[in-house]
Amino acid sequence: MGRILFDLRGGDPGLRFSPYCWRAKMALAHKGLAFDTNAVTFTEIEHATDGFSATVPVLHDGGTRIRDSFDIALYLDRTYPERPLFGDPAIVALARFVENWTFLSVNALGMKMIVSDIHAALDENDRAYFRQSREARLGRSLEEAQLGVAACRGDLKKALEPARRALSDSEWLSGAEPRFPDYILFGSLMWIHTISRDPLFAPDDPVGHWFERAARLYPELGIAQSAA
Ligand SMILES: N[C@@H](CCC(=O)N[C@@H](CS)C(=O)NCC(=O)O)C(=O)O
């Protein structure tokens, strides 16, 4: 039956910006598991997954279906224990902390940086849905909500200070080897990077160096040339 990851795409079928899908793709590549990608637009998700999920990523692994990037990572560790993404229940709990921290700090800032640019990059059929759902969530128009990458770069630098300090002690957020906590933060930064292409980091920022290291980990994902 094979292994298929349902990914999100923009108007350009090659534009893959979902932070959660990047987490899942990094997790699959970390395990060394080959997979095919089925890229859908926002408004195609429910139909493409036969009503199984309102969000992507969704993983079909043989006869098993899993939704949610964190649940996909847990499933992969249970099913393919080699090359752990967590390896220990304590790391699962810490990864939940990283997931929540990233959501509240980086993802919230990311919206201010790129939300209107995401809208412009979407397939035409997605634009009305995205505008309506995100404006309801943000309480303002996309154009008012987006301040831009340059205006928010200082805030992003500040928000990433915990990661910067952690990376002064070890090469990866997870220690000597990258694990799922690294992929959580990486996915969110890929989201901003893929849409904006403006530099996110000063050249001497250790978080930028970590981001480039992560981008080069799995050449099969085709990230390195676009993220470096
Ligand atoms: N907690 C979920 C969040 C997934 C999620 O929100 N995905 C977005 C794409 S980045 C989505 O599919 N949104 C559907 C929509 O807004 O209609 C995960 O980690 O997978």
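**Figure 1. The sheet and its strand order.** Two strands are said to pair if DSSP finds at least two bridges between them. Helices (H or I, at least four residues) and strands (E, at least two) are DSSP runs, numbered from the N terminus. In this predicted model, local features need pLDDT of at least 70 and side-chain atom pairs count only at pLDDT 80 or more, while totals for chains, interfaces and linings use all residues. Residues are numbered from 1 along each chain as its sequence is written, and side-chain values use heavy atoms, with hydrogens and water left out. Four strands make up an open sheet of mixed pairing, in the order 2-1-3-4. Strand 2 (36-40) and strand 4 (64-67) are the edge strands, each pairing on one side only. From one strand to the next, the twist averages 20°.

Figure 2. Strand 3 (residues 58-61) and strand 4 run antiparallel and are joined by four bridges. Asp61 stands opposite Thr64 of strand 4, and His60 stands opposite Arg65 of that strand. The hairpin has two residues between the strands, and Gly62 takes a positive phi near 60° there.

Figure 3. Contact here means heavy atoms within 4.5 Å. Axes are lines fitted to C-alpha atoms, for helices over the stretch in contact, and angles run from 0 to 180 degrees between N-to-C directions. Four bridges join strand 3 to strand 4 in this sheet. Helix 1 (residues 19-31) packs on the sheet and touches strand 1 (3-8) and strand 3; the direction of helix 1 makes about 155° with that of strand 1. Helix 3 (residues 69-79) also packs on the sheet, where it touches strand 1, strand 3 and strand 4, and its direction makes about 140° with that of strand 4.

**Figure 4. Surroundings of His60.** His60 is a residue of strand 3. Apart from neighbours within four places in sequence, His60 is in contact with Gly2, Arg3, Ile4, Phe6 and Arg65. His60 and Phe6 are 54 residues apart along the chain, and their C-alpha atoms are separated by 8.1 Å.

Figure 5. Most residues other than glycine have a negative phi, and most peptide bonds are trans. The peptide bond from Val56 to Pro57 is cis, with omega near 10°. Pro57 is in the loop between helix 2 (45-48) and strand 3. Asp68, a residue other than glycine, has a positive phi near 85°. Asp68 is in the loop between strand 4 and helix 3.

**Figure 6. The crossing of helix 1 and helix 9.** The axes of helix 1 and helix 9 (residues 180-196) come within 7 Å and cross at roughly 135°. Angles under 35 degrees count as roughly parallel, over 145 as roughly antiparallel, 65 to 115 as roughly perpendicular and the rest as oblique. Helix 1 and helix 9 are therefore oblique to each other. The contact residues divide into ten nonpolar, four polar and one charged. Ala, Val, Leu, Ile, Met, Phe, Trp, Tyr, Cys and Pro count as nonpolar, Asp, Glu, Lys and Arg as charged, and the others, Gly among them, as polar.

**Figure 7. Helix 4 beside helix 7.** The axes of helix 4 (residues 89-121) and helix 7 (residues 149-159) come within 9 Å and cross at roughly 170°. Helix 4 is therefore roughly antiparallel to helix 7. Among the residues making the contact are Trp101, Leu109 and Lys112 of helix 4 and Cys152, Arg153 and Leu156 of helix 7. By class, this contact has nine nonpolar, one polar and three charged residues.
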